[in-house]
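Here are some notes for your review. Please read them with the model open.

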Amino acid sequence: MTKLTIIQIFKSIDARNLQKFFSLSVLTLLILAIAFSFNTESALAQESANPNSFNPQAILREALQWIDSLGAVGALAFIALYIIATVAFFPGSILTLGSGVIFGAVWGSLYVFIGATLGATAAFLVGRYLARGWVARKIADNKKFAAIDKAVGKEGLKIVLLTRLSPIFPFNLLNYAFGITGVSLQDYFLGSLGMIPGTIMYVYIGSLAGNLAMIGTEAQPTNPTLQWVIRILGLIATVAVTVYVTRIARKALEEEL
């Protein structure tokens with residue numbers, strides 16, 4: 001769809017519907033902003049209450065601020081950080097959302113996918129060759145992982161792909177768990193493509209939060225109304241596609257297991 005077509009559609013909307021649309025859009029963005037603010041304030045409160053406690057979220061936030069100041073090399077630093085965070089069981093959602101704020105939706109999605117894929121592969125190799133006993137004890141009583149172990153022997157790539165598309169398993173632990181199954185490294189690596197829909201959705205949300213923070217500043221775009229219409233429509237489409245794909249993958253995974 002060209003920019004001209006979007007403008008024509010925008011002009012064809014009557015004023016009353018346009019007002020309703022923007023009211024809903026503003027409400028959605030406010031909810032997102034409040035959620036981010038609440039999470040930040042809660043984390044800061046925990047830091048104040050326990051100044052000497054180990055807080056991965058605080059470490060990642062500070063790291064993101066440092067990466068934002070690096071300029072062109074920030075992308076490489078972000079990918080390296082994502083790899084380390086994945087292997088170390090740090091919460092990847094903070095980095096995924098933060099990449100949208102720092103790099104935007106397109107580049108942020110690419111950097112997250114590269115970092116998550118390399119990090120997941122590193123965790124897979126650690127689970128297979130260095131920490132096999134620990135991983136086996138960690139998932140010993142989990143029937144779902146036992147079912148996955150049995151299924152990957154027949155269709156390794158398909159099972160890995162479906163588990164990535166349907167995030168019903170903890171991402172970090174799943175990386176290690178696959179290491180003690182019979183899935184090949186090649187199938188595991190290619191199965192990482194299933195992370196793309198979820199990655200794009202969360203990075204897009206992060207980019208919207210970053211754009212929301214620019215409202216009222218000099219960095220605000222010259223035609224904010226049209227750009228926000230496009231962004232919100234893009235968010236709705238991204239979420240819809242991700243939810244649809246996740247449901248299909250979950251159903252297919254249940255049939256396989």
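**Notes on a helix pair and a buried asparagine**

1. Helices α3 and α5 run roughly parallel to each other, because their axes cross at roughly 20° and angles under 35 degrees count as roughly parallel. Keep in mind that this is a predicted model.

2. The helix spans are residues 56-68 for α3 and residues 92-103 for α5. Their axes come within 11 Å. The crossing of α3 past α5 is right-handed.

3. Which residues in α3 meet α5? On the α3 side they are Q57, L60, R61, L64, I67 and D68. Their partners in α5 are I94, L95, G98, I102 and F103. By class, this contact has seven nonpolar residues, two polar and two charged.

4. Now to a single side chain. N175 sits in helix α10, which covers residues 171-179. Is N175 buried or exposed? Its relative accessible area is 0%. N175 is therefore buried, since the cut-off for that is under 20%.

5. What does the side chain of N175 pair with? It makes a polar contact with the side chain of R164, at 2.7 Å. A polar atom of the N175 side chain also lies 3.1 Å from the backbone oxygen of F171.

6. Leaving aside residues up to four places away in sequence, N175 touches T86, A120, A123, F124, R164 and Y188.

Technical notes:
Residues numbered from 1 in each chain as written. Predicted model: local features only at pLDDT ≥ 70, side-chain atom pairs only at ≥ 80, totals over all residues. Heavy atoms only, no water. Helix = DSSP H or I, 4+ residues; strand = E, 2+ residues; numbered from the N terminus. Buried < 20%, exposed > 50% of the residue type's maximum accessible area, 1.4 Å probe, protein only. Polar contact = N/O pair within 3.5 Å; in protein donor to acceptor, adjacent residues only side chain to side chain. Contact = heavy atoms within 4.5 Å. Axes fitted to C-alpha atoms, helices over the stretch in contact; angles between N-to-C directions. Parallel < 35°, antiparallel > 145°, perpendicular 65-115°, else oblique. Left-handed = near helix turned anticlockwise from the far one by under 90°. Nonpolar A, V, L, I, M, F, W, Y, C, P; charged D, E, K, R; others polar.
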